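Subject: Structure handover

Hello,

Here is the structure I said I would pass on. My notes follow below it.

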Amino acid sequence: MPLITWSHMLSTGIAEQDAQHRKLVELINQLDEALYTGQDKEMQGVVLAQLIDYTVYHFGYEESLMNQYDDEDTARHTAEHSKFVQVVDDFQRQFETGAVLISTDLMHFLRDWLTGHIMKTDKKMGQRLAQHGLH
Ligand SMILES: [Fe+2]
Ligand SMILES: [Fe+2]
């Protein structure tokens with residue numbers, strides 16, 4: 001069973017943003033699968049790197065939209081993104097040196113962060129952008 005199941009609860013109403021969120025959900029589920037099917041560390045590292053790369057790309061997409069529409073929550077929202085990238089980058093560095101392993105705790109952190117961020121922050125942004133006619 002996948003760690004995260006997509007539902008309308010996660011939809012922001014902006015098609016491209018939803019498509020990118022679905023891809024992030026898929027990558028987190030892939031990393032979880034790599035963990036519980038006992039894939040080797042190298043394979044886990046490949047999926048982790050894909051997840052981080054796509055996350056950075058996705059945050060860039062949202063931040064450019066926020067800037068384009070001069071969104072009222074831009075500073076706080078961008079800070080939430082930066083903090084998350086810092087945490088996962090730190091984790092990746094430690095993972096590469098062998099100091100930490102991908103664990104159920106990490107997977108729960110990724111799941112809770114992504115779903116919480118989408119529901120609390122991205123959805124509100126989506127609602128504001130919808131008022132500008134974006135969909
Ligand atoms: Fe997002
Ligand atoms: Fe966001």
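How are α3 and α4 oriented to each other? The axes of α3 (residues 74-97) and α4 come within 11 Å and cross at roughly 165°, and the two helices are therefore roughly antiparallel (over 145 degrees). Helices are DSSP runs of H or I, at least four residues, numbered from the N terminus; axes are lines fitted to C-alpha atoms over the stretch in contact, with angles from 0 to 180 degrees between N-to-C directions.

This is a predicted model: local features need pLDDT of at least 70, side-chain atom pairs count only at pLDDT 80 or more, and totals for chains, interfaces and linings use all residues. Residues are numbered from 1 along each chain as its sequence is written, while chains are lettered from A and ligands numbered from 1 in the order written.

On the α3 side, the contact (C-beta atoms, placed from the backbone, within 7 Å) is made by His 77, Glu 80, Phe 84 and Phe 91. The α4 side supplies Leu 106, Trp 113, His 117, Thr 121 and Met 125.

The largest nonpolar core has eleven residues, among them Val 25, Leu 48 and Ile 118. Such a core is a set of buried Ala, Val, Leu, Ile, Met, Phe, Trp, Tyr and Cys residues joined through C-beta atoms within 7 Å; buried takes 20 or more other C-beta atoms within 10 Å, exposed 12 or fewer. α1 (15-36), α2 (41-68) and α4 (104-130) each supply at least two core residues, and α1 gives the largest share, four.

Asp 70, in the loop between α2 and α3, has a positive phi near 50°. Asp 70 counts as exposed because it has 8 C-beta neighbours inside 10 Å.

Regards

Methods
Parallel < 35°, antiparallel > 145°, perpendicular 65-115°, else oblique. Contact = placed C-beta atoms within 7 Å.
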